[in-house]
Amino acid sequence: MVRLGTGIGWRPEIADAVERMPGVDWVEVVAENLCPGHLPESLVRLRERGVTVVPHGVSLGLGGAERPDEGRLTALAERAEALGAPLVTEHIAFVRAGGPLTASAPLEAGHLLPVPRTRDALDVLCANVRIAQRALPVPLAVENIAALISWPGEEMTEGQFLYELVERTGVRLLIDVANLHTNHVNRGEDPAKALAELPVEAIAYVHVAGGVEKDGVWHDSHAHPVPRPVLDILTDLASRVAPPGVLLERDEDFPGAGELERELTAIGEAVRAGSRTRGAQPVAEGVRGAVVESAPEAPGADDEAGERVRERVALAQTALLSALVAGTPVPEGFDRTRLGIQARALAAKRAGVVAKVAPELPAVLGTAYRPAFLSYAQSRPMRGGYRQDALDFAEWALLSGGLAEGRAKRELREWWLDRSGPAPRRRSRVTRVARMGRVLMRR
């Protein structure tokens with residue numbers, strides 16, 4: 001297993017600070033944000049200094065009912081090779097649903113959603129992990145995620161689910177201790193019990209991050225300082241095994257370099273505190289504590305019975321995601337209040353990402369942008385990524401009647417017309433008016 005050491009999530013906003021930061025052995029970068037042929041100069045310099053760079057995927061959806069997309073797997077493999085990475089990482093989550101398995105329109109979450117801890121979902125996950133392992137040039141590690149909601153009828157704890165995943169596939173684990181804290185607050189799950197049930201020898205590295213509690217719900221924001229309870233879970237983990245690597249994540253509201261360095265110091269102290277008591281923690285009964293390096297093929301991956309399993313998982317995931325992003329009824333057994341919180345969180349994230357992808361929209365609409373987008377997102381799921389979402393929102397805003405005639409509506413119409421066609425439009429006013437008229441007539 002690769003010994004990584006102390007790391008930090010590389011982001012463009014803190015690239016200069018990371019380069020100057022002492023004691024950083026490695027960095028992690030969001031895979032989808034990289035172009036293999038045009039790596040950021042900061043990452044190139046770090047690699048030239050011998051700093052390891054690990055690509056971290058966020059869109060593969062290994063926990064989804066469909067098989068992993070070949071194009072996404074190829075892209076992840078290309079990034080691993082471009083960076084000379086010793087491994088790649090992804091999430092135990094689903095990010096899309098619908099499609100051929102359910103004979104319904106595809107749905108995109110724009111976020112990592114939890115898979116049910118059931119035998120069906122585990123069978124599908126194991127099969128998908130195997131597909132990914134065969135396609136990638138380096139080992140794969142998968143991360144436990146934070147969740148606001150719980151699935152009804154779960155058959156395993158998180159620790160049991162992850163243990164069997166490792167036993168059946170030989171995959172490594174990326175354990176996020178902040179996510180264990182999130183699930184403790186939101187779902188009442190004991191982090192110590194989860195750690196006791198894990199095959200800790202399978203841990204590739206550990207994530208540490210901050211969050212915030214609002215109205216009794218913990219949001220894994222990656223935009224706040226790491227709280228003491230998360231550091232305590234890290235200490236507990238380090239008392240059970242020496243983590244090969246520990247990494248600080250920060251995605252928004254970036255503090256100065258000094259504060260980031262202090263957080264790295266606190267993380268190091270938490271690990272050392274755990275190492276002083278290593279071996280004192282109990283291991284859950286029945287956990288053998290061995291990592292299966294070459295596991296047998298997951299059953300039911302490609303046969304007729306496996307397809308039926310995928311269809312059952314697809315129906316359940318589609319019903320949940322449709323309730324979250326398309327306003328359909330809440331599936332039986334789910335907490336309606338929590339689903340409402342999750343739906344609002346998904347819409348808020350979409351609004352924030354669209355504002356970054358198309359900054360002209362909040363510039364044109366001003367303070368009206370966010371409430372308008374949240375209204376749009378209540379029943380209009382993403383249908384083609386965030387750039388398409390920006391176009392769809394602008395079209396909705398123009399046609400919904402909520403915008404009074406004036407400068408903002410004229411500028412929004414101009415923006416939409418400039419980007420909605422297959423080719424740049426002609427700059428004739430007559431052409432613009434005629435085209436907009438045709439679109440409105442089609443509606």
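**Cavity and core**

The lining of the largest cavity is made up of six nonpolar residues, one polar residue and four charged residues, where Ala, Val, Leu, Ile, Met, Phe, Trp, Tyr, Cys and Pro count as nonpolar, Asp, Glu, Lys and Arg as charged, and the others, Gly among them, as polar. The model is predicted, and local features need pLDDT of at least 70, side-chain atom pairs count only at pLDDT 80 or more, while totals for chains, interfaces and linings use all residues. Residues are numbered from 1 along each chain as its sequence is written, and side-chain values use heavy atoms, with hydrogens and water left out.

A cavity is a set of points, on a 1 Å grid over the protein atoms alone, where a 1.4 Å probe fits but cannot get out, and its lining residues have an atom within 4 Å of a point. The largest cavity holds about 130 Å³ of space, and among its lining residues are Arg117, Asn144, Glu154, Glu158 and Arg187.

Turning to the cores, a nonpolar core is a set of buried Ala, Val, Leu, Ile, Met, Phe, Trp, Tyr and Cys residues joined through side-chain atoms within 4.5 Å, buried meaning under 20% relative accessible area with a 1.4 Å probe and protein chains only. The largest has 91 residues, of which Ile8, Val27, Leu140, Leu165, Val208 and Leu234 touch the most other members. Because domain 1 (5–280) and domain 2 (336–441) both give residues to this core, it lies between them, the domain bounds coming from an automatic or database domain assignment. A second, separate core of 25 residues includes Leu365, Met382, Ala394 and Ala397.

Technical notes: Buried < 20%, exposed > 50% of the residue type's maximum accessible area, 1.4 Å probe, protein only. 1 Å grid on protein atoms, 1.4 Å probe; cavity = no way out; pocket = protein on both sides within 12 Å on 5 of 7 lines; lining within 4 Å. Points joined across faces, edges and corners; volume = space filled by probe spheres on them.
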